[in-house]
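Student: Pick one part of this model and take me through it closely. I'd like the cut-offs spelled out as you go.

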Amino acid sequence: MNKFYITTPIYYVNAKPHLGGVYTTLAADVLARWHRMKGEKVFFLIGTDEHGEKIAKKAEEQKMTPQQLCDQNAARYEQAWDTFSISYDRFIRTTDPEHEKTVTDVMKDIYNKKLIYKGTYHGLYCVDCERYYTAKELVDGCCPLHQKKAVVLSEKCYFFKLSAFQRPLLKMILKNEWIIEPEERRNEVLGFLKNEKLEDLAISREKVKWGIPVPWDNSQTIYVWIDALLNYLSGINWHPNEEKRPEQWPPDIQLIGKDILKFHTIIWPAMLLSLGIPLPKKIYAHGFFTVEGQKMSKSLGNIIDPEELAVTFGAEALRWMILSLFPFGQDGDISQTKFYDKYNAELSNGLGNFHRRVLTLAAKKDIYPLHEADDFKRKIKSVWEKYETSLDHLKFESALTSINDLIGFCDKYINQKEPWKLFKKDIAEYQKVLYNLLEGLRHLGWLIQPFMPEKSNQIFASLGLDNLEKEKPLTKGKQWGQTEFKKTIIGEILFPRL
RNA sequence: CGCGGGGUAGUAGCAAUGGCAGCUCGCCAGGCCCAUAACCUGGAGGUUGCAGGUUCGAAUCCUGCCCCCGCAACCA
């Protein structure tokens, strides 16, 4: 049995779940479910990133300890993932003791390999904020919050010899030993590695107290990004001894947003090369949302809250819509109107209406015996082919298009055959036509399963099949003519029109 | 010349990386009455940002220009 280890980034707990994170996580969940459906041994890791100055500061503002703040916000994430039916195998938190142990082990290992050295970090520091700013963030050299001149400050810290990995990484990308998708993102990293000089990375901080201590120097804590990236190891119970390494390693795919591309395609593999372990098989960076052409941001006040969307449309519908709006990997524009359009067009008028149409017709008889139907069989086969290729290449929107295609085919078939007339004059033919349609619906139940698991169950239930279907392997389920249909149930409207 | 992406029918949204330019929504006309005012058929509507080039053939490849967006080490 093939294993399939998939990860999302861990989210920073200083705020509630953001649409971007929900997007990554939904995509990952669809993949996880798809690979499970194919019979693979899936391990799906998600989590929260909880250390760093921002958390400490926020906790102080709210008169809590950092740990209390983290607990509170991590719970909100868990709740959100529950709402969206995220089928994760583990929720790792960077404040988990196992994680801290892994970070300590890994850092020691890299330190022992002489890839970490002591140095001095110089940065622009705002005394009032008690934090460093990048030159870009400053306005006329002043802190944007306090309008005070930032001062150049130095502190002792440890550096990771990132510069040593510039050439090896470049080579590995060119030889496709290190796979970054989609192509645009690969080009971006390649361009960066070719044109810019990679500098050693400050991986510890003296002033940040809320973090994991540097194992050999308690006056320092580990830089949050280094801490965070290692969750992909701690999440599968990493062990420093080679014989006790978890079987899940390496990840088969790691999904990220394009904003954290460099962390995952430069720093992360450099750390793994330092450890001498295999790199993830693939990093896939998806695009961003714009809202009616503009960047989604707090200052513009155009933030779309995923949990509110789930209330309006239902979590399952949202899972479908968000992945069908534009190709994964690219940027895409969204708006409230678009969600309504999608929902009504594809879910209410499409899948939902078809479901009800067929079941209302099916209620006219009790039994629909199994039989062969070449045209239907061919169509369903070609839909499955397109669907599978699409999902294997992370083309979610294209997989969903193939589902819509099957619904369209079935709707046309009803209009052509006019089964409500056949019922009055040719019962045998009527039963055949309905069998085909019910079988079409059964396949739709399978096809939507990774995207809308609950709705998929509802469809099976209304076909009177229920658990019978779920126990079948995919190879069997996707074949024509599994069973006769009896005692179908109309049930509730799948997607009420909005 | 910092890096990367993009400009396709209605002031709407997106497919299509060399082979007759398609889909969603909207609009117009018809059909059906099983269904959630739904579904089906037909129609109008594009010199694919501009200008050159390669090719039997270009939205797609090359060159130049115009415009938009993201990134530039800690905000998905």
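Tutor: Let's start at arginine 205, whose bridge partner in strand E12 is threonine 221. Keep in mind that this is a predicted model, with local features needing pLDDT of at least 70 and side-chain atom pairs pLDDT 80 or more, while totals for chains, interfaces and linings use all residues; side-chain values use heavy atoms, without hydrogens or water. Residues are numbered from 1 along each chain as written, and chains are lettered from A, ligands numbered from 1, in written order.

Strand E10 and strand E12 (residues 217-222) run antiparallel and share two bridges, which is just enough to pair, as DSSP has to find at least two bridges. (Strands are DSSP runs of E with at least two residues, helices are H or I with at least four, and both are numbered from the N terminus.) The sheet as a whole is open, has three strands in the order E10-E12-E11, and is antiparallel in its pairing. E10 (204-205) and E11 (213-214) are the edge strands with a single partner each, so each has one side with no neighbour in the sheet.

Now follow arginine 205 over to the RNA. Arg205 is among the closest of the 51 residues that surround RNA strand B, along with Tyr223, Asp259, Phe288 and Asn353; "near" here means having a heavy atom within 4 Å of the strand.

Which part of the RNA faces the protein? Of the atoms of RNA strand B within 4 Å of the protein, 66% are sugar or phosphate atoms, and bases make up the rest. Tryptophan 225 has a side-chain N or O atom 3.4 Å from a sugar or linking oxygen of RNA strand B. At asparagine 349 a backbone N or O atom sits 3.5 Å from a phosphate oxygen of RNA strand B. Arginine 356 reaches a phosphate oxygen of the RNA with a polar side-chain atom, at 2.9 Å. Looking at whole elements, two or more residues of this surface come from each of H1, H6 (183-195), H7 (224-229), H12 (336-362), H14 (396-417) and H15 (419-425). H12 has the largest share, with eleven residues.

One more spot deserves a look, this time within the protein. Aspartate 252 sits in the loop that links helix H8 (231-234) to strand E13 (253-257). Aspartate 252 counts as buried because its relative accessibility is 14% (buried is under 20%, exposed over 50%, partly exposed in between, using a 1.4 Å probe and protein chains only). Its side chain has two lysine contacts to check. One is a polar contact of 2.8 Å with the side chain of lysine 3, and another, at 3.0 Å, goes to the side chain of lysine 281. (A polar contact is an N or O pair within 3.5 Å; within protein, one atom must be able to donate a hydrogen and the other to accept it, and sequence-adjacent residues count only if both are side-chain atoms.)

For contrast, take lysine 57 in helix H2 (residues 53-61). Lysine 57 counts as partly exposed because its relative accessibility is 35%.
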